[in-house]
Amino acid sequence: MTIKSFPIFSFILLFLWMTSELYATHNRAGEIRLEQIGELRLRATIITYTKASSVDADRDSLRINWGDGNNSIVGRVNGGGQGEIIGNDIKMNIYIGEHTFPGRGTYTISMMDPNRIAGIRNVNFPNSVIVPFYLESSFTFLNPQFQGFNNSVILLNPPLDFACVGRRFIHNPNAYDPDGDSLSYELVVPMETDGEPVPRYEFPDQVVPGPENNISLDPITGDFVWDSPQLAGEYNIAIRINEYRNGNLINYTIRDMQINV
């Protein structure tokens with residue numbers, strides 16, 4: 001190797017390393033949970049499920065956008081700051097941050113992180129790894145004197161589940177609202193950033209479509225039914241859980257979940 005060729009060779013190695021880092025397969029599923037801890041103060045909990053073996057893409061902190069023009073870095077708090085490996089190449093991560101808002105109103109709290117895992121069959125297949133992972137929840141500060149405090153739903157079932165080819169599959173997020181607000185459920189397209197759906201998304205029943213491949217989501221109970229998967233692989237869906245108080249929409253939480261068939 002000549003002295004002149006070394007910088008070019010070094011640049012190529014650096015480019016390949018940066019490219020592998022940029023497209024490191026990582027995010028599987030998650031949601032943002034919100035808790036009102038003061039008249040205008042929120043505690044946000046970001047819960048993500050990632051590919052445990054993708055150590056190069058592991059995040060000890062994430063950036064959260066508070067929806068009022070401010071953002072901050074929030075650290076991982078579970079597993080001694082390392083996250084928790086729960087089996088099947090899955091790591092659960094919990095990040096917590098607090099913020100005081102300038103006034104009452106409705107805010108959209110969000111986070112975005114590259115990248116999703118590779119090979120998701122219904123997200124930009126076969127290049128889902130280049131698609132960012134985005135979560136958001138909305139929150140309304142009510143008048144505490146007349147309407148009380150407000151909290152988002154707590155989803156008691158994890159956003160990861162397993163299905164079998166040719167077998168009827170049912171999943172329920174098992175949403176609980178600590179304030180007793182009314183809930184409804186709807187399927188939405190997963191997002192890659194604010195207001196932008198992931199590219200080339202197909203609902204699960206559009207992968208090998210046919211009379212034996214159908215999905216539905218009960219808007220009242222939250223039961224997601226897939227009857228039945230036709231092709232093995234990993235799929236993502238997004239469920240929006242809406243919260244109503246006195247008939248008015250006050251919050252929503254979007255859960256981006258993964259089904260391994």
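**A loop to begin with**

Reply: Happy to! Let's start at N124, which sits in the loop between β7 and β8. One thing to keep in mind is that this is a predicted model.

Me: Where are the cis peptide bonds?

Reply: One runs from P114 to N115, with omega near 5°. N115 belongs to the loop between β7 (106–113) and β8 (133–140). Another cis peptide bond joins D227 and S228, again with omega about 5°. S228 is in the loop between β17 and β18.

Me: D227, got it. What does its side chain pair with?

Reply: D227 makes a salt bridge with R168, and their closest N and O atoms are 3.9 Å apart. D227 is in strand β17 while R168 is in the loop between β10 (160–162) and β11, so this pair ties together parts that are 59 residues apart in sequence. D227 counts as partly exposed at 36% relative accessibility, and R168 is exposed at 54%.

Me: How many salt bridges are there?

Reply: The count comes to 13. One of them brings together the side chains of E31 and R255, at 2.8 Å from N to O. That pair links distant parts of the chain, because E31 is in strand β1 (residues 27–38) and R255 is in strand β19, 224 residues apart.

Me: Are E31 and R255 buried or exposed?

Reply: Both are buried.

Me: What does R240 pair with?

Reply: R240 meets E186 in a salt bridge, 3.5 Å from N to O. R240 lies in strand β18 and E186 in strand β13 (residues 182–188), so parts 54 residues apart in sequence are tied together. E186 is partly exposed, with a relative accessible area of 34%. There is also a network in which salt bridges with shared partners join E35, R41, R43 and E98.

Me: Changing topic: which strands form the open sheet with β17?

Reply: The order is β11-β17-β16, with antiparallel pairing. The edge strands are β11 (169–171) and β16 (214–217), each of which pairs on one side only. On average, neighbouring strands here are turned by 10° against each other, ignoring direction.

Me: What else is F224 in contact with?

Reply: Leaving aside neighbours within four places in sequence, its contacts include F169, I170, L187, I215, L217, I237 and I259. F224 is also among the residues with the most contacts inside the largest nonpolar core, which has 24 residues.

Me: Which strand gives the most to that core?

Reply: β18 does, with four residues. Apart from this core lies another of 18 residues, among them L62, V74, F101 and Y107.

How values were computed. Residues are numbered from 1 along each chain as its sequence is written. This is a predicted model: local features need pLDDT of at least 70, side-chain atom pairs count only at pLDDT 80 or more; totals for chains, interfaces and linings use all residues. Side-chain values use heavy atoms; hydrogens and water are left out. Two strands pair if DSSP finds at least two bridges between them. Helices (H or I, at least four residues) and strands (E, at least two) are DSSP runs, numbered from the N terminus. Axes are lines fitted to C-alpha atoms, for helices over the stretch in contact, and angles run from 0 to 180 degrees between N-to-C directions. A nonpolar core is a set of buried Ala, Val, Leu, Ile, Met, Phe, Trp, Tyr and Cys residues joined through side-chain atoms within 4.5 Å. Buried means under 20% relative accessible area, exposed over 50%, partly exposed in between (1.4 Å probe, protein chains only). Contact means heavy atoms within 4.5 Å. A salt bridge is a side-chain nitrogen of Lys or Arg within 4 Å of a carboxyl oxygen of Asp or Glu.
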